[in-house]
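Please go through the assignments for this model one at a time, setting each value against the criterion behind it.

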Amino acid sequence: MISPETYTSYKGLPPLAGLCTMAEAAKPGLSVEECVRRLKRFHYAFKRLHQILMARITSEPIYELKTAFAHHAYLCAEHVTALRTRIGEMREPPLGLEDVPHPALEAYFDEMLNAPTKYLLIGLYSHSLGWLFTAVEKYEVATHPLTDAPSKRLLKFAKIELEEMYQFGGKVFSLLGVPGDMREWFTTVLDVMLIEAGELSGPPMPPASGERKPLDASTINTSHPVIDAVTDSGNIRGLTPPTRRYSKTPFVYNPVPQRDERFTDSWNQGVNAEAFLYDETKPASAKVLMMLYKRLREIDVPEMMASIIAQTPGKPWGYYRDMSRQVWDEARHAMMGEVGFVALGVDWTKATVTWNWSYRLNTECTPMERHGVLFFIEQGLMPKTGKRYEYEVARDSGFPLAATLQDFDWADEVLHSQIGRQWYVPEFASLKEALDFGDRAWSKVLSNWITVKQQGLTQHNNWWPEVYEQACVSAGQSPDPAVLAFAETYEGKRADLQRIAAE
Ligand SMILES: [Fe+2]
Ligand SMILES: [Fe+2]
């Protein structure tokens, strides 16, 4: 007699295209409607996580967190994209993808958006990623492995990256010394909100699976002062609106870049990197060091681009996805510089990484003007004197790692030019108008070389000789006197450093 347990496929080959056993497939699963409802919640969670991470890149001082936020924001953006596509396949017009699934869920993410950094880390990496992982696991158990195989597939990839981000957060807590009572306090605040919202899966609650038990109001530490008021009401689930702590007032985006204590003299414009790079008399080996500095200095690009994304609402999702990819690329470019310095045995903190560019654009230009400046610069990187030239210098430098870095940097910049053509240029009647707008916007931010010196913010010290000498010592070579003597500054130059590279 045939039964799901005894059924055999041809020669015992894996049945059902390898998705699952016949016994597993012979049971009903979630309805399309229920799948869509839960997937919309996952979509909302990833969208808010993306927003929160992106909104904190610029003002986060710690370089390792700044770059990780750029990475994780991008990962979340990719999962948003995948979920939007999948939900659109599930008989669901109108999609309602911009709707808030539950006011308490909105408050839950608002709390993280508004929280001071250590609380942000707790909420994001400890609480929300863990509970999102659990909600996805529950979905995987409850949905039908054959009928809903496309959803299961994309959630499998989401879980891999949720786990990676969660692990990253765990290391951050232990190394940055996030106190346990701080974690307990904010976790409790978030627990209350998540219970109110019906967790990330939303009501009705499915049976628990895996290690993580469903949140239970009775397990909350009711003696905690934060929730005394809540529990006094005797009705946690009935709370409306949820009790906000940090998000009582709307989030105010901070566009001012911050750096950690390894970054000093942040207004210094004392070393004109492009003047050195395009000097035909300078050797490629030294030019590579200057190029690595230029890569490292690119930490100002995610600082600036994150502000465009944070301050430009209402665009199609594709805009945010593509711009987020570019933010991540630019953070990688900065880290390429860091890697290069380390590989050459040079202390990168001796090379002054100015914030002049991101600081001034973020505080003196509109988001559209910033985008215009970015596009104008990136178009300038495409001619032969731009990224191709940098790659060729690296290739000929005798430092193979530099060629790898510049090869991919070049490829990324071609992509960025295309992103600009897709999302920036159509705002104008022509490509020329789009370029002119960026050029004019850039002219608004005239060189502040004298101003910052007069204000005592910097003396524009020439850091180059020390850095170059360190590289020579590491390589066991004698410094070239002409290279060592380089002392050209940005004085009198318009501040668009990269534009010089394009000309
Ligand atoms: Fe870049
Ligand atoms: Fe770029």
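Predicted model: local features only at pLDDT ≥ 70, side-chain atom pairs only at ≥ 80, totals over all residues.

Residues are numbered from 1 along each chain as its sequence is written, and chains are lettered from A and ligands numbered from 1 in the order in which they are written.

Q: What makes D329 count as buried?
A: A residue is buried if 20 or more other C-beta atoms, placed from the backbone, lie within 10 Å of its own, exposed if 12 or fewer, and partly exposed in between. D329 has 23 C-beta neighbours inside 10 Å and therefore counts as buried.

Q: Where is D329 placed, and which residues is D329 in contact with, leaving aside neighbours within four places in sequence?
A: D329 belongs to helix α12, helices being DSSP runs of H or I with at least four residues, numbered from the N terminus. Contact requires C-beta atoms, placed from the backbone, within 7 Å, and with that sequence exclusion D329 is in contact with D412 and H416.

Q: Why are α3 and α12 called roughly antiparallel?
A: Angles run from 0 to 180 degrees between N-to-C directions, with axes fitted to C-alpha atoms over the stretch in contact; under 35 degrees counts as roughly parallel, over 145 as roughly antiparallel, 65 to 115 as roughly perpendicular and the rest as oblique. The axes of α3 (residues 63–88) and α12 (residues 317–343) come within 8 Å and cross at roughly 150°, and the two helices are therefore roughly antiparallel. Their contact includes A73 and Y74 of α3 and V327 and W328 of α12.

Q: What makes α11 oblique to α14?
A: Helices α11 (residues 300–310) and α14 (residues 367–380) pack at about 135°, with axes 9 Å apart, and that angle makes α11 oblique to α14. Among the residues making the contact are M305 of α11 and L374 of α14.

Q: Which residues have the most contacts inside the largest nonpolar core?
A: A nonpolar core joins buried Ala, Val, Leu, Ile, Met, Phe, Trp, Tyr and Cys residues through C-beta atoms within 7 Å. The largest has 117 residues, and those with the most contacts inside it are A73, Y108, L132, L289, M305 and V327. This core draws at least three residues from each of domain 1 (27–232) and domain 2 (273–502), with bounds from an automatic or database domain assignment.

How values were computed. Contact = placed C-beta atoms within 7 Å.
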